[in-house]
Amino acid sequence: MTTPPPALLIAGHGTRDDAGAEAFRDFVRELGRRHPELPVAGGFIELSPPPLGEAVAELVERGVRRFAAVPLMLVSAGHAKGDIPAALAREKERHPGISYTYGRPLGPHPALLSVLERRLDEALGGTARTPWDRADVTVLLVGRGSTDPDANAEVHKAARLLWEGRGYAGVETAFVSLAAPDVPSGLDRCARLGAKRIVVLPYFLFTGILPDRVRQQTEDWAAAHPGTEVRSADVIGPEPELLDLVMERYREALGGDLRMNCDSCVYRIALPGFEDKVGMPQQPHYHPDDDGHDHGHHHGHGHHGGHSHSHAH
């Protein structure tokens with residue numbers, strides 16, 4: 001009898017926005033429909049049901065003993081580096097006999113950059129398909145924002161990769177929470193650089209409270225600056241490219257082909273202003289919907305591409 005392939009566990013951040021949470025759940029269901037040979041489940045670290053522990057329990061009830069966990073996140077911030085590995089370590093204690101591998105976050109990836117380019121073109125009414133059409137378009141890519149400088153740097157990397165070869169006047173970066181510059185400051189910067197047309201592009205997978213905030217802040221700034229053309233683009237959404245990329249990360253995890261960055265990780269390297277984080281033990285979020293028998297916090301260990309990324313040295 002052939003050994004069944006390891007299951008796929010999708011780990012999401014969670015949102016207080018019902019539509020955003022349902023978009024995640026729909027995405028997990030669509031992955032399951034596309035891959036009937038594969039047990040697929042998904043859960044959240046915080047805020048939204050179902051919790052990640054419930055998704056693991058669902059797989060175990062279906063007879064799964066091996067799975068690959070893929071974080072449905074664009075950047076490797078604290079959730080991907082610490083919270084999810086800690087939560088998975090907790091689930092391994094709850095369900096003796098299971099084993100898992102852990103994949104890396106999604107971006108920046110050429111497939112997602114292509115979707116972002118499409119979102120920009122849609123926001124411009126389909127009129128900016130060539131470098132000549134885009135020469136007066138400045139893009140403001142807006143990330144979630146993090147207290148992790150490495151995660152914020154990843155958004156800047158995505159912005160640079162989006163700029164390369166596409167002909168935009170420039171791609172600037174801002175954040176909607178926890179990091180500077182904020183959206184109004186980012187728009188101010190674009191204007192000072194002489195931007196004629198600005199498209200604000202949310203670097204988010206699905207709708208939610210934060211992308212809505214980006215759009216509202218953009219509208220408020222535009223109303224106060226009637227001389228500048230400002231448009232809002234949509235989030236990435238459950239595009240075929242995203243579905244394919246999750247499967248690519250799943251296959252990477254199974255093959256051990258992981259290339260996470262540890263060179264600027266605050267848990268390993270003493271970066272200015274973040275020295276207290278080096279060696280910090282990681283613990284999972286407490287999820288109010290998690291009815292597991294143990295609500296204690298177990299210190300987890302992530303793995304970055306073949307070497308232990310233990311934070312509790």
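In which strand does Ala174 lie? Ala174 belongs to strand β6; helices (H or I, at least four residues) and strands (E, at least two) are DSSP runs, numbered from the N terminus.

The structure is a predicted model, in which local features need pLDDT of at least 70 and side-chain atom pairs count only at pLDDT 80 or more, whereas totals for chains, interfaces and linings use all residues. Residues are numbered from 1 along each chain as its sequence is written, and side-chain values use heavy atoms, with hydrogens and water left out.

**Ala174 and its surroundings**

Ala174 has a relative accessible area of 0% and is therefore buried. Buried means under 20% relative accessible area, exposed means over 50%, and partly exposed lies in between (1.4 Å probe, protein chains only). Setting aside neighbours within four places in sequence, Ala174 is in contact with Leu140, Leu141, Val142, Gly143, Pro181, Asp182, Val183 and Gly186, where contact means heavy atoms within 4.5 Å. Ala174 and Leu201 are separated by 27 residues in sequence and by 9.9 Å in space, C-alpha to C-alpha.

**The chain as a whole**

The protein chain contains nine helices and ten strands. It has 313 residues, of which 53% count as buried. Among contacts with a separation of 6 or more, 75% join residues 24 or more positions apart. The accessible surface comes to about 13,900 Å², and carbon and sulfur atoms contribute 52% of it; such areas come from the Shrake-Rupley method with a 1.4 Å probe, and for residues only the protein chains shown count as cover.

**Packing of helices**

Two packed helices are described by the angle between their axes and the distance between the axes. Axes are lines fitted to C-alpha atoms, for helices over the stretch in contact, and angles run from 0 to 180 degrees between N-to-C directions.

| Helix pair | Angle between axes | Distance between axes |
|---|---|---|
| α4 (residues 110-123) and α9 (residues 240-255) | about 165° | 9 Å |
| α4 and α6 (residues 149-163) | about 70° | 10 Å |
| α1 (residues 18-34) and α9 | roughly 70° | within 11 Å |

How is α4 placed relative to α9, with an angle of about 165° between them? The angle of about 165° makes α4 roughly antiparallel to α9. Angles under 35 degrees count as roughly parallel, over 145 as roughly antiparallel, 65 to 115 as roughly perpendicular and the rest as oblique. The crossing of α4 and α9 is left-handed; a crossing has this hand if the near helix is turned anticlockwise from the far one by less than a right angle, and is right-handed if clockwise. From α4, the contact involves Ala111, Leu112, Val115 and Arg118, and from α9 it involves Glu241, Leu242 and Leu245. These residues comprise five nonpolar, no polar and two charged. In this classification, Ala, Val, Leu, Ile, Met, Phe, Trp, Tyr, Cys and Pro count as nonpolar, Asp, Glu, Lys and Arg as charged, and the others, Gly among them, as polar.

For α4 and α6, the angle of about 70° makes α4 roughly perpendicular to α6. The crossing of α4 and α6 is right-handed. Leu113, Leu116, Glu117 and Leu120 of α4 meet Ala158, Leu161 and Leu162 of α6, a set with six nonpolar, no polar and one charged residues.

The axes of α1 and α9 cross at roughly 70°, and α1 is therefore roughly perpendicular to α9. Here Phe27, Glu30, Leu31 and Arg34 of α1 contact Pro240, Leu242, Leu243, Asp244, Val246 and Met247 of α9. By class, this contact has seven nonpolar, no polar and three charged residues.

**Details in the loops**

Which residues does the cis peptide bond with omega of about -10° join? That bond joins Gly107 and Pro108, and Pro108 is in the loop between β4 (99-102) and α4. Another cis peptide bond, with omega of about 0°, joins Ala180 and Pro181. Pro181 is in the loop between β6 and α7 (183-192).

Leu178 is also found in the loop between β6 and α7. Although Leu178 is not a glycine, it has a positive phi of about 70°; its relative accessible area is 66%, so Leu178 is exposed. Leu47, in the loop between β2 (40-44) and α2 (52-61), is likewise not a glycine and has a positive phi of about 75°. Leu47 is partly exposed, with a relative accessible area of 34%.
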